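Let's take a friendly walk through a protein fold. Have a look at the sequence and the model first, then read on.

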Amino acid sequence: MFSFSRVYSARLLAATAVAAMIAATGGVRADDAVPQNDLLNATVWSQTSVEAKAAMLGIFDLAKMRLDEALADKNWTAVPDKQGKDYQSLPVAIVTDLDETVLDNNVYEASLVTRNTSYGSKDYDQYVKDEVTGALPGAVDFLKYAASKGVTIFYVSNRKAGQEDATRANMEKLGFPMGDGEDTVLLQNEKEDWTGAKESRINYVAKNHRVVLLMGDNLGDFSDKASGSLAERAAFFEASKDHWGHDWIMFPNPEYGSWESAAFGGDWSKSPDQRRKDKIDALDAWSPKN
């Protein structure tokens, strides 16, 4: 027997379920287009996950243990090929990158996602000069500990020389040790030979300091060989295995870095689709059996 009340109730329940689903997904309907963004998952992980924060704290704990070992061993150096004679008597220093090593730029990366755009130098310059960059968990505490032991911290970054004042002001607000009368913020193009490759600046520090730790989130923070092919980078990794986790401290950065461009031959003139295809082609993937 037909029952209007039953049909009405069923329709009401269905409508309620659909409304609940829309509410649960933030109001997104099936026919609403959400732009794809290759940066999304990495930024969500880096900005919101406790896993990322826990990883950073663990890495800084490792760095503290390695620093204590280095201070107890006068022969310890992270750059034996760059230290001169009698380096053991030099004052101790740490060379660290800034962005995604001790500074947290996730509000900028999130802005790229929410605005559906990509990195631009003018855009990034405005961000730096807004002085809204945060510190990664554990960074300030570790570097303050190092400074309390008489260690000088050199910040070797590929931020541009014109961004130094804003960078310094931002870092001072966060509580980073900035040195005592010595220029410890060494930015790209600050001197003629200080290009995006960093070894010239590491050499500069090593002339007058025993460098006990290198810290960074990108191979280029440790070696100028970062621009090589995937195979060349892998070979360098194998040749430098004794450094990793010992006197070279690497931080995870799934958002950007030389690892990304290596997958498409470093050619940023390629279209986004071609770069994406090259990345997929670079993967070693399991194939399920039929």
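## Terms and ground rules

Helices (H or I, at least four residues) and strands (E, at least two) are DSSP runs, numbered from the N terminus. This is a predicted model, in which local features need pLDDT of at least 70 and side-chain atom pairs count only at pLDDT 80 or more, while totals for chains, interfaces and linings use all residues. Residues are numbered from 1 along each chain as its sequence is written, and side-chain values use heavy atoms, with hydrogens and water left out.

## The sheet

Five strands build an open sheet, in the order β5-β4-β1-β6-β7, with parallel pairing; two strands pair if DSSP finds at least two bridges between them. At the edges sit β5 and β7 (248–250), each pairing on one side only. On average, neighbouring strands are turned by 20° against each other, direction ignored. The parallel strands β4 and β5 are joined by four bridges, and S157 has L187 in β5 as its bridge partner.

## A helix across the strands

Helix α8 (residues 199–206) lies across β1, β4, β5 and β6, and runs at about 155° to β5. Such angles run from 0 to 180 degrees between N-to-C directions, with axes fitted to C-alpha atoms, for helices over the stretch in contact. Contact means heavy atoms within 4.5 Å.

## The nonpolar core

A nonpolar core is a set of buried Ala, Val, Leu, Ile, Met, Phe, Trp, Tyr and Cys residues joined through side-chain atoms within 4.5 Å. Buried means under 20% relative accessible area, exposed over 50%, partly exposed in between (1.4 Å probe, protein chains only). The largest such core has 31 residues, and α3 gives the most to it, with six. L67 touches I94, F142, Y145, A146, V151, V212 and L213, leaving aside residues up to four places away in sequence.
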